[in-house]
Amino acid sequence: RLKMVSRLGRIGAWSIDPRTDQIFWSEEVCALHEVEAGTRPTLEQALDYCAPEWREPLRRACDTCIESGTPFDFELQITTAQGRRLWVRMIGEALRSPAGTIRLIQGAMQDISERKEAELETRRVATRMTNTLESFTVAFFTLDPNWLFTFVNAEAERMFGWRREELIGHSLW
């Protein structure tokens, strides 16, 4: 059942041995990277899968976790072995020995590409809507159920004699 949940949720486990920089990837993490199951990259090889703009933030997060045990949780892009870009959520935590020393960094990686694409599409639609409403030559504004401004176009700013920053979140009354 755990394998089924992992496969359907596109989520897998990983760990790093800080003494050797050797990484373990579960079958699902290997599948996300489009590499053969059982692939065991070094830390540097694993970082090479990260999109360039995410390599240093991930390296810093791993180093901080290894040094002080600070957990991390962020979203980044990877490039698979087949050249596809995926958005993933990466969560990591330190595993300490009974003596309190950090002996392993472990975590999970989940493919969140569909959610990120939906967010991007929502932003594109919102931008188109805002551009449309801004192009109106008549005053246009929206209010929430409490009569607070939630949107004000340029013509409404002119009509009210207030900048939108001064109106949004304030009552019409």
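**Pocket, cavity and selected residues**

Biologist: Which element gives the most to the lining of the largest pocket?
Modeller: Helix H1 gives the most, with five residues of that lining. Please keep in mind that this is a predicted model.

Biologist: Which elements give two or more residues to the lining of the largest pocket, and which residues line the pocket?
Modeller: The lining residues are Leu 2, Lys 3, Val 5, Ser 6, Arg 7, Ile 11, Gly 12, Ala 13, Ser 26, Glu 27 and Glu 28. The elements with two or more residues there are H1 (2-9), strand E1 (11-17) and helix H2 (27-33).

Biologist: What volume does the largest pocket have?
Modeller: The volume of the largest pocket is about 250 Å³.

Biologist: And how does its lining divide by class?
Modeller: Four residues of the pocket lining are nonpolar, three are polar and four are charged.

Biologist: Which residues lie nearest the centre of the largest cavity?
Modeller: Ile 23, Trp 25, Ala 46, Leu 58 and Met 90 lie nearest the centre, out of 14 residues that line the cavity.

Biologist: How many residues of the cavity lining are nonpolar, polar and charged?
Modeller: The cavity lining has 13 nonpolar residues, one polar residue and no charged residue.

Biologist: Changing topic: where is Thr 80 found?
Modeller: Thr 80 sits in the loop that joins strand E3 (72-79) to strand E4 (85-96).

Biologist: Is Thr 80 buried or exposed, and why?
Modeller: Thr 80 counts as buried because its relative accessibility is 4%, and the limit for buried is under 20%.

Biologist: What is Thr 80 in contact with, leaving aside its neighbours within four places in sequence?
Modeller: With those neighbours set aside, Thr 80 is in contact with Leu 32, His 33, Glu 34, Tyr 49 and Leu 86.

Biologist: Let us take Glu 34 from that list. Where is the place of Glu 34, and what is its phi?
Modeller: Glu 34 belongs to the loop between H2 and H3. Its phi is positive, at about 60 degrees, although Glu 34 is not a glycine. Most residues other than glycine have a negative phi. With a relative accessibility of 24%, Glu 34 counts as partly exposed.

Biologist: What about Asp 21: what is its phi, and in which loop does Asp 21 lie?
Modeller: Asp 21 also has a positive phi, near 60 degrees, and is likewise a residue other than glycine. Asp 21 is in the loop between E1 and E2, and its relative accessibility of 33% makes Asp 21 partly exposed.

Biologist: In the hairpin of E6 and E7, which residue takes a positive phi?
Modeller: Trp 147 does, with phi near 65 degrees, and this hairpin has five residues between its strands.

Biologist: In which sense do strands E6 and E7 pair, and which residue is the bridge partner of Thr 142?
Modeller: Strand E6 (residues 141-143) and strand E7 (residues 149-152) are antiparallel and pair over three bridges. Thr 142 has Phe 151 in E7 as its bridge partner.

Biologist: On to helix H5. How many residues has H5, and how far does H5 reach?
Modeller: Helix H5 (residues 113-135) has 23 residues and reaches 33 Å from its first C-alpha to its last, close to the 33 Å expected at 1.5 Å a residue.

Biologist: Which residues of H5 are buried, and what covers them?
Modeller: The buried residues of H5 are Ser 113, Lys 116 and Leu 133. Their cover includes E3, E4, strand E5 (102-111) and E7.

Biologist: Last one: where does Ala 154 lie, and what is Ala 154 in contact with beyond its neighbours within four places in sequence?
Modeller: Ala 154 is in helix H6 (residues 154-160). Beyond those neighbours, Ala 154 is in contact with Glu 134 and Arg 164. At 36% relative accessibility, Ala 154 counts as partly exposed.

Key: Residues are numbered from 1 along each chain as its sequence is written. This is a predicted model: local features need pLDDT of at least 70, side-chain atom pairs count only at pLDDT 80 or more; totals for chains, interfaces and linings use all residues. Side-chain values use heavy atoms; hydrogens and water are left out. On a 1 Å grid over the protein atoms alone, a cavity is a set of points where a 1.4 Å probe fits but cannot get out, and a pocket is an open set with protein on both sides within 12 Å along at least five of seven lines; lining residues have an atom within 4 Å of a point. Grid points are joined across faces, edges and corners, and a volume is the space filled by probe spheres set on the points. Ala, Val, Leu, Ile, Met, Phe, Trp, Tyr, Cys and Pro count as nonpolar, Asp, Glu, Lys and Arg as charged, and the others, Gly among them, as polar. Buried means under 20% relative accessible area, exposed over 50%, partly exposed in between (1.4 Å probe, protein chains only). Contact means heavy atoms within 4.5 Å. Two strands pair if DSSP finds at least two bridges between them. The expected span of a helix is 1.5 Å times one less than its number of residues.
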